[in-house]
Amino acid sequence: MIHTKNGAEVLDNLKPVNSPGTGIEHWGSSYFGPRYSTAEVSSGPQALMTQMSANETILPHFHGVAQFQIFPSGAGVMGKTEVRPLMLQYKDHHSAYGPLVAGPHGLTFIALRNRIGDSAPVYLSKPGYREKLKPSKRRNWISPHIALSTRPVLQYRKEAAWEPIFEQEIKDEMSAQLLRLGAGMSVPVPDTRIGSGQYLFVANGNMQLDGRALPEWSMVYIEPDEAAFDITAGPVGLEALVMRFPVNDD
């Protein structure tokens, strides 16, 4: 199955929510699935957007499922790393990260999970977190800044490009790439038989899928073993993050 969500609809549905760690009010919206879950195993993707308040801090924590995290707007600091658009994080399940501190103009992040699992945050500042830890590869990677094209350079691009996002060596099925396509160009989606699900995020331009035009910040989730199809750029070209999850090891 292929799941799609128009990014404009997600932005239009932002609502005030309280941070489960600090109680500070920020804004949230969902692409797929509930905002959080405590289920051990459940099917279907889970993707949510959070718009942090100015100068807000999200405390160090971990989740029971692996996730990619996109930073498409605003600015801030994660640990000692400056975060600005566009950057991508990958972290394995039960791998702590943070604190995440927004700058004076806020910070947006989009968390992507390939299933609705035990995704509720577990904070290191609260008692009992050690009992909830489980073995994992403990990767917590954040990419360098990802430069996007100006509109004419993207629109009139002549060749497709697949650019790896992370500098570290990857030893399992996980992958993250930026795909750049000129207007109307198409390429096959990466093999869906590898790994355990893929996300496509429209970072720049737009994408055509099943007769629909998906604008910037739109999301597509491709379940494992889905039939092959082409990723097709719209009339202004497309730059998309293409992210594949490793086989679940939890």
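**Buried polar residues, salt bridges and nonpolar cores**

Gln-69 counts as buried because its relative accessibility is 1% (buried means under 20% relative accessible area, exposed over 50%, partly exposed in between; 1.4 Å probe, protein chains only). The model is predicted: local features need pLDDT of at least 70, side-chain atom pairs count only at pLDDT 80 or more, and totals for chains, interfaces and linings use all residues. Residues are numbered from 1 along each chain as its sequence is written, and side-chain values use heavy atoms, with hydrogens and water left out.

Gln-69 belongs to strand β7 (residues 67-78). Strands (E, at least two residues) and helices (H or I, at least four) are DSSP runs, numbered from the N terminus. The Gln-69 side chain makes a polar contact with the side chain of Tyr-97, at 3.5 Å. A polar contact is a pair of N or O atoms within 3.5 Å; within protein, one must be able to donate a hydrogen and the other to accept it, and residues adjacent in sequence count only if both atoms are side-chain atoms. Leaving aside residues up to four places away in sequence, Gln-69 touches Met-78, Met-87, Leu-88, Gln-89, Tyr-97, Phe-109, Ile-110 and Ala-111 (contact means heavy atoms within 4.5 Å).

The whole structure holds seven salt bridges (a side-chain nitrogen of Lys or Arg within 4 Å of a carboxyl oxygen of Asp or Glu). One of them joins Lys-137 and Asp-172, 2.8 Å from N to O. Lys-137 sits in the loop between α2 (129-132) and β12 (140-142), and Asp-172 in the loop between β13 (161-164) and β14 (175-181), 35 residues apart. Lys-137 is partly exposed, at 45% relative accessibility. Asp-172 also bridges to Arg-139, with the closest N and O atoms 2.7 Å apart. Arg-139 lies in the loop between α2 and β12 and Asp-172 in the loop between β13 and β14, so this pair ties together parts 33 residues apart in sequence. Both Asp-172 and Arg-139 are buried.

Arg-180 pairs with Glu-239 in a salt bridge, the closest N and O atoms being 2.6 Å apart. Arg-180 is in strand β14 and Glu-239 in strand β19 (residues 230-244), so the pair ties together parts 59 residues apart in sequence. Arg-180 and Glu-239 are both buried.

The largest nonpolar core has 29 residues, of which Tyr-31, Phe-68, Ile-70, Leu-88, Phe-201, Leu-241 and Met-243 touch the most other members. Such a core is a set of buried Ala, Val, Leu, Ile, Met, Phe, Trp, Tyr and Cys residues joined through side-chain atoms within 4.5 Å.
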